[in-house]
Amino acid sequence: MTITYSCVANGRAVLAELALTGGSYKESAAAVLRQVLLTAEPKSVTPMGSFVYHTLSVDGITYLCATDKVSDTLTPSAFLKNVKCNNNEDDSSILTLNTQEHDVKSKSGDKVLQTEERLNINTNQTDETEAMVPINCYVYF
């Protein structure tokens, strides 16, 4: 049994995915995610085409993987639990990164505003200087 595709989704929005082989996983995964939202079951196994989609839903996050065999449910279940556990360990890292990203965006926005203010001052000074220069200026030697 091979896990050929996996994704993590919030509702129907796929947050991360990995496909090990070519195939139409996205359409099938979208259909499975819709079904998971409708049934609100914490676990599901859905045969679709030549693959079987296994899901684990916890707190609005759905962990999904596709396998090539129906008979084995232990391996996909263990895989999804492992992905979920790894995701929970990284929550503090993600929160830290999100905070850092917000800080960078905030500082960048402040710099843009300061630059815009300086440009406006320079534009005004240029306009004033142009107004002071006589239109017809003759120089005789």
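# Close-up views of a predicted fold

**View A. Histidine 54 is in contact with Ser44, Val45, Tyr63, Leu64, Cys65, Thr67, Asp72, Thr73, Pro76 and Leu80, once its neighbours within four places in sequence are set aside.** Contact here means heavy atoms within 4.5 Å. Before you zoom in further: this is a predicted model, so local features need pLDDT of at least 70 and side-chain atom pairs count only at pLDDT 80 or more, while totals for chains, interfaces and linings use all residues. Numbering starts from 1 along each chain as its sequence is written, and side-chain values use heavy atoms, with hydrogens and water left out.

Histidine 54 belongs to strand E4; strands (E, at least two residues) and helices (H or I, at least four) are DSSP runs, numbered from the N terminus. With a relative accessible area of 3%, histidine 54 is buried. The labels go like this: buried is under 20% relative accessible area, exposed is over 50%, and partly exposed falls in between (1.4 Å probe, protein chains only). The side chain of histidine 54 also makes a polar contact with that of threonine 67, at 3.1 Å. A polar contact is a pair of N or O atoms within 3.5 Å; within protein, one has to be able to donate a hydrogen and the other to accept it, and residues adjacent in sequence count only if both atoms are side-chain atoms. As for threonine 73, its C-alpha is 8.1 Å from that of histidine 54, with 19 residues of sequence separation.

**View B. Tyr5, Tyr25 and Phe51 form one aromatic cluster.** Searching the whole structure turns up two aromatic pairs. Rings of Phe, Tyr and Trp (its six-membered ring) pair if their centres lie within 6.5 Å; planes under 30 degrees apart count as stacked, over 60 as edge-to-face, and the rest as tilted. Tyrosine 5 and tyrosine 25 are stacked, because their ring centres are 4.9 Å apart and their planes sit at 5 degrees. That pair links distant parts of the chain, with tyrosine 5 in strand E1 and tyrosine 25 in helix H1, 20 residues apart. Tyrosine 25 and phenylalanine 51 give a tilted pair, 5.0 Å centre to centre with 50 degrees between the planes. Since tyrosine 25 lies in helix H1 and phenylalanine 51 in strand E4, this pair ties together parts 26 residues apart in sequence. Tyrosine 25 is buried, at a relative accessible area of 2%, and tyrosine 5 is buried as well.

**View C. The largest nonpolar core has 12 residues.** Its members are Tyr5, Cys7, Ala9, Tyr25, Ala29, Val32, Leu33, Val36, Phe51, Tyr53, Leu64 and Ala66. A nonpolar core is a set of buried Ala, Val, Leu, Ile, Met, Phe, Trp, Tyr and Cys residues joined through side-chain atoms within 4.5 Å. Strand E1 (3–10), helix H1 (25–39), strand E4 (51–58) and strand E5 (61–67) each give two or more residues to this core, and H1 has the largest share, five residues. There is also a second, separate core of seven residues, including Leu56, Ile61, Cys65 and Leu80.

**View D. Strand E5 is mostly covered, with seven of its seven residues buried.** In a regular strand, side chains alternate between the two faces of the sheet. Here Ile61, Tyr63, Cys65 and Thr67 point one way from E5, and Thr62, Leu64 and Ala66 point the other way. E1 runs antiparallel to E5, joined by seven bridges; two strands pair if DSSP finds at least two bridges between them. Within that pairing, valine 8 has tyrosine 63 as its bridge partner in E5. E4 pairs with E5 in the antiparallel sense too, over seven bridges.

**View E. Aspartate 59 takes a positive phi near 55 degrees in the hairpin of E4 and E5.** Two residues lie between the strands of this hairpin, and valine 58 stands opposite isoleucine 61 in E5. Threonine 62, in strand E5, is buried with a relative accessible area of 4%. A 3.2 Å polar contact joins its side chain to that of serine 57. Neighbours within four places aside, threonine 62 is in contact with Cys7, Val8, Ala9, Leu33, Val36, Thr55, Leu56 and Ser57.
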